[in-house]
Amino acid sequence: MFGRSKSLVGLDIGSSAVKAIELKPAGKAYKVAAFGSQPISPDSIVDGAIIDGTAVSDAIRRLFGGLKVSTKEVAASLSGNAVIVKKISLPSMTEAELAESIYWEAEQYIPFDIQDVNLDYQILGRGDTGGKSTMEVLLVAAKKEKIADYTGVIGQAGRTAVVIDVDAFALQNAYEVNYGL
């Protein structure tokens with residue numbers, strides 16, 4: 001992913017503007033090297049869905065050009081109804097067993113066809129419920145179509161999306177990476 005010697009670029013594709021921030025290494029931390037936003041027409045993105053990909057990619061290109069950001073790799077995030085985050089409780093099992101069964105388990109909680117989503121999970125903890133060994137698992141699913149739309153406009157703008165995160169986790173992940181929280 002991102003090396004400590006390279007700058008980091010975060011990109012937010014919103015309904016009214018695209019926003020970016022570039023962070024550059026400064027000792028053991030990062031400093032803000034550039035930030036800004038570029039408006040997009042109100043009908044370019046509707047309810048989180050990219051309707052006019054050309055307008056969005058042009059706005060990204062203008063934004064990065066104006067900020068003079070040369071880094072090609074960016075991190076972006078998704079939100080809205082195409083992203084499902086659910087904490088589930090399962091009988092305790094090994095990580096290998098969970099990896100084999102997660103798609104079957106997820107089908108019970110994801111309101112989309114499981115073939116239409118990218119799925120990830122994280123074991124949050126293990127416990128005992130009513131004498132039975134259980135585990136709490138955070139399940140995250142994002143529609144492949146929405147991921148493709150976002151990575152597509154980023155690619156059209158001459159950049160590569162190396163991270164696609166969930167909006168709700170992006171800030172927390174940034175703090176964990178930089179501050180060890």
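**View 1. Antiparallel pairing of E2 and E3.** Strand E2 (residues 17-26) and E3 run antiparallel, joined by ten bridges. Strands pair if DSSP finds at least two bridges between them. Val 18 has Gln 38 in E3 as its bridge partner. The model is predicted, with local features needing pLDDT of at least 70, side-chain atom pairs counting only at pLDDT 80 or more, and totals for chains, interfaces and linings using all residues. Residues are numbered from 1 along each chain as its sequence is written, and side-chain values use heavy atoms, leaving out hydrogens and water.

**View 2. The open five-stranded sheet.** Strand order is E3-E2-E1-E6-E10, with mixed pairing. Strand E3 (29-39) and strand E10 (160-166) are the edges, each pairing on one side only. Strands (E, at least two residues) and helices (H or I, at least four) are DSSP runs, numbered from the N terminus. Neighbouring strands are turned by 25° against each other on average, direction ignored. Angles run from 0 to 180 degrees between N-to-C directions; axes are lines fitted to C-alpha atoms, for helices over the stretch in contact.

**View 3. Helices on the sheet.** H1 packs on the sheet and touches strand E1 (8-13), E2, E3 and strand E6 (73-78). Contact means heavy atoms within 4.5 Å. The direction of H1 makes about 135° with that of E3. H3 touches E1, E6 and E10, and its direction makes about 145° with that of E6.

**View 4. H1 against H3.** Helix H1 (residues 53-67) packs on helix H3 (residues 144-156) at about 50°, axes 8 Å apart. That makes H1 oblique to H3. In H1, the residues meeting H3 include Val 56, Ile 60 and Arg 61; in H3, Val 153, Ile 154 and Gln 156 meet H1.

Note on methods: Parallel < 35°, antiparallel > 145°, perpendicular 65-115°, else oblique.
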